[in-house]
Amino acid sequence: MTTYLLQRLGALICLLSMVISPSSRAETERPIRVGSKIFTESFVLAEIIAQTIEDAGEVKVERRFGLGATGIVFESLKTGDIDIYPEYTGTIAEIFLKDQSLKTEAALNSKLQTLGLQADTPFGFNNTYALAIGREQALKLGIRTISDLLVHQDIRAGFTHEFLKRQDGLEALSRHYGLQLHNVVGMEHSLLYQSLADGKIDLVEVYSTDAKVAKYDLVVLEDDRHFFPNYKAVLFYRPSSLSRYPRTLQALKKLANSISGAQMIKLNAKVELDRASFAQAAAFQLDKAVEKKTFSLEAIGQRTVEHLFLVFVSLLLAIVVGLPLGYWATRTRWWGSALIAGIGILQTIPSLALLCFLVPVFGIGYLPAVIALFLYALLPIVRNTFLGFHQIDPRLIESARTLALEPWQMFRRVELPLASPSILAGIKISAVINVGTATLAAFIGAGGYGALVVTGLTLNDTNLILQGAIPSAILALLIHGLSEWLSKKLIPRGLQENA
Amino acid sequence: MIRFDQVSMNYGNREVLKAVSVNLQEGQTHVIWGTSGSGKTSFLRLLSGLMRPTSGSIFLKDQNINELSQTQLAQRIGYVIQEGGLFPHLTARENLELATLTRKWSKLETAKRIEELAALVQIDPKDLERFAKQLSGGQRQRVALIRALMLDPQIILLDEPLGALDPLVRADLQKELKRIFNTLKKTVVLVTHDIGEGAFFGHSITLFHQGRLVQHGDFNAFVRQPKNEFVSRFVSAQAPTPELLEAFR
């Protein structure tokens with residue numbers, strides 16, 4: 001016997017300690033971190049902010065775009081994981097401050113001050129929620145205003161999950177108008193229009209500056225009883241992060257009233273219809289020379305490195321923690337079962353939800369993503385380690401005892417090798433699961449292939465989605481192959497299928 | 001050599017051995033008989049130190065085994081558990097080497113001992129490079145026997161050594177084992193529920209029933225003077241039927 005799992009494990013632990021640190025680059029000067037939510041307009045405005053800061057030439061910019069749902073982005077700003085991002089006054093008042101009475105900028109800021117935040121510099125347009133309906137259907141049913149829906153309450157409607165849940169969403173709208181829609185489904189925003197075009201739904205929620213209003217030839221229903229509040233796009237930022245850069249601050253203030261509603265629709269259309277990048281759209285608005293950038297191997301390479309880091313660091317942590325836990329579980333009766341049940345419950349939390357839970361505690365980026373992946377990888381490893389030791393034929397243990405082996409020899413020479421096929425199977429399951437789940441890490445700014453997929457989904461750009469999805473699938477296959485090979489190396493020959 | 005003095009053994013709240021007293025002579029082969037659950041395997045486990053008696057004492061050459069550590073017991077007693085208990089992840093040779101792990105033998109010493117015993121039990125040294133599942137049932141038992149003999153113990157315990165073998169292999173290995181026992185002149189305790197094996201091997205036979213020692217003596221005594229109804233039933237259970245005897249006539 002020359003190969004023992006434990007010796008290999010020792011080497012893995014050493015590797016882990018080397019691998020876990022390189023993301024913390026020496027911070028000479030902390031860049032300004034610009035965030036964005038996960039829809040075109042937020043990306044474009046964030047890119048405008050980023051380029052404005054870069055053009056001022058005082059400080060570098062780190063783009064942390066596509067941070068997912070509103071809650072994550074706001075939480076990131078509060079904790080300082082990002083310094084600035086574009087937000088809408090209505091969202092700030094109702095979602096963050098939970099106070100609909102805050103109508104003016106001054107009123108907002110008096111509240112935000114206590115949080116060390118500020119919202120100002122309106123871009124110059126109002127992107128409010130609106131309801132829209134296909135033109136043909138609108139003419140047929142004679143619907144022009146939201147009140148007109150009162151006689152067509154069985155209309156098939158599609159709304160985002162956020163609109164269905166938020167206080168100023170569908171529920172409040174229904175109360176305001178005395179409306180009771182019978183056929184409502186919730187879906188991703190980017191799927192709404194496709195479903196409408198496919199004739200699966202008739203009524204959708206739109207943003208008033210959305211490029212797709214024009215593309216799909218929609219009629220925006222008049223808000224005749226003035227339900228929807230003002231959603232003026234503003235800069236939402238931490239004054240403390242920007243105060244050291246007066247020229248930058250000055251340049252940002254100049255963005256005030258620089259984009260009209262019509263211009264914003266045009267910018268959105270540039271990205272979504274003309275397939276321009278966010279950077280190109282932003283450069284167009286800022287009246288700069290446009291740099292052309294398409295498919296980049298370098299970008300995929302960088303995403304690959306990020307993805308591998310996410311997968312392997314979390315996997316190694318899960319191995320280092322999971323193996324001892326699984327072994328310990330076989331030595332105790334109740335605690336072991338309780339432990340495995342507990343980790344099993346963790347596994348049932350949807351991955352996106354788990355990521356969101358971790359954001360308030362760990363911020364956004366690499367750390368919470370690794371922690372989430374670590375938690376997911378834990379169950380297969382702990383359970384299979386437990387089973388591996390548990391299923392050893394008791395007669396073999398007895399046989400070992402008659403040879404008077406020391407406890408350590410017993411573990412190393414008998415128990416561990418006999419349990420190794422099951423343990424390695426658990427590690428293999430975790431590795432493959434992690435490759436897939438790691439794509440979700442993009443929602444909290446941890447990069448990886450998911451960043452390509454998420455951006456692609458937002459832009460409805462199949463090309464970009466595939467640039468993330470295909471390497472991710474290939475990686476899953478490679479990791480499967482790698483673990484098969486490792487199993488061959490580590491599992492004693494006598495326990496292998498075709499020995 | 002081996003003396004049980006009023007030994008009782010509880011397993012959970014079940015009494016598996018009840019006040020057993022018996023004396024087994026040195027250098028002889030002793031057969032332990034009994035039906036399933038009669039306590040015969042428990043008898044071996046107590047003797048090997050895997051379990052300790054609830055009450056009573058066990059002596060090896062007048063030394064109470066409670067005073068011996070597991071390592072000291074492993075020195076004196078070689079135990080072949082049911083179906084051999086070879087480790088599937090190790091080759092036969094590696095299984096044998098494991099037996100000398102606590103003794104810190106040199107590679108050469110170990111190899112020499114293996115060679116010596118392979119010759120004794122007549123197994124091809126090439127077969128020792130195979131894994132347990134690549135060996136036949138008879139070969140597995142031979143390897144398991146070598147493993148038990150590695151440290152040259154005074155006592156060999158075998159639990160149903162021929163149980164899982166087909167009749168032809170079984171008959172061959174029976175003769176083999178008897179030859180080996182005679183060569184080694186060790187004290188052997190062999191558990192079986194086979195009457196023929198008892199008659200074939202046993203200088204003495206001990207019959208257990210429901211945890212109690214029912215009769216101890218030689219085969220003749222079991223046939224001529226059975227202690228009770230159970231003993232005669234047990235002894236005659238495997239006797240050839242009249243039809244079989246007729247067929248051989």
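1. In chain B, residue B:L207 has B:Q215 of strand β10(B) opposite to it. This is one position in the pairing of strand β9 (residues 204–209) with β10(B), where 5 bridges join the two strands and the direction is antiparallel. Please note from the outset that the model is predicted.

2. Strands β9 and β10 belong to an open sheet of chain B with 6 strands, in the order β6-β7-β8-β3-β9-β10, and the pairing in this sheet is mixed. Why do β6 and β10 of chain B each have one side without a neighbour in the sheet? Both β6 (77–80) and β10 (212–217) stand at the edges and have a single partner strand each, so one side of each remains without a neighbour. On average, with direction ignored, neighbouring strands of this sheet are turned by 15° against each other.

3. A helix accompanies this sheet. Helix α9 of chain B, residues 229–237, lies across β3 (29–34), β9 and β10 of that chain. Its direction makes an angle of about 115° with β9(B).

4. Chain B also contains a hairpin, formed by β1(B) and β2(B) with 2 residues between them. In the turn, B:G12 has a positive phi of about 65°. The pairing of β1(B) with strand β2 (residues 14–24) is antiparallel and extends over 7 bridges. Within it, B:F4 has B:V22 in β2(B) as its bridge partner.

5. Strand β1 (residues 2–11) of chain B pairs with strand β4 (residues 55–60) of chain B as well, again in the antiparallel sense, over 5 bridges. Here the bridge partner of B:R3 is B:F59 in β4(B). As background for the student, side chains in a regular strand alternate between the two faces of the sheet.

6. Chain A has an open sheet of 5 strands with mixed pairing, ordered β7-β6-β8-β5-β9. The edges are held by β7 (183–186) and β9 (218–220) of chain A; each has a single partner strand, so one side of each is left without a neighbour in the sheet. From one strand to the next, the twist averages 35°.

7. Which strand of chain A is joined to β9(A) by 3 bridges? The strand is β5 (residues 129–134), and the two run antiparallel. In this pairing, A:G134 is opposite A:L218 of β9(A). Helix α9 of chain A, residues 189–197, lies across β6 (156–159), β8 (203–207) and β9 of chain A, and runs at about 135° to β8(A).

8. The next matter is the interface between the chains. How many residues of each chain are in contact with the other? From chain A there are 23, and from chain B there are 25. Together the chains bury about 2300 Å², of which 62% is on carbon and sulfur atoms. On the side of chain A, the residues that lose the most area to chain B are A:E398, A:T402 and A:L403, which together account for 25% of what that side buries.

9. The interface between chain A and chain B has 2 salt bridges. B:E83 and A:R395 form a salt bridge through their side chains, with 3.4 Å from N to O. There are also 8 residue pairs in polar contact between chain A and chain B, counting pairs with both residues at pLDDT 80 or more. The elements of chain A that give two or more residues to this side are α19 (394–402) and α20 (407–437). The largest share, 7 residues, comes from α19(A). By type, the residues on this side of chain A divide into 12 nonpolar, 5 polar and 6 charged.

10. Finally, the count of salt bridges over all chains is 31. In chain A, the side chains of A:R63 and A:E47 meet in a salt bridge at 2.9 Å, N to O. This pair links distant parts of the chain, for A:R63 is in strand β2 (residues 61–64) and A:E47 is in helix α2 (residues 40–56), 16 residues apart.

Key
Residues numbered from 1 in each chain as written. Chains lettered and ligands numbered in written order. Predicted model: local features only at pLDDT ≥ 70, side-chain atom pairs only at ≥ 80, totals over all residues. Heavy atoms only, no water. Contact = heavy atoms within 4.5 Å. Buried area = accessible area lost by both parts, 1.4 Å probe. Salt bridge = Lys/Arg side-chain N within 4 Å of Asp/Glu carboxyl O. Polar contact = N/O pair within 3.5 Å; in protein donor to acceptor, adjacent residues only side chain to side chain. Helix = DSSP H or I, 4+ residues; strand = E, 2+ residues; numbered from the N terminus. Nonpolar A, V, L, I, M, F, W, Y, C, P; charged D, E, K, R; others polar. Pairing = 2+ DSSP bridges. Axes fitted to C-alpha atoms, helices over the stretch in contact; angles between N-to-C directions.
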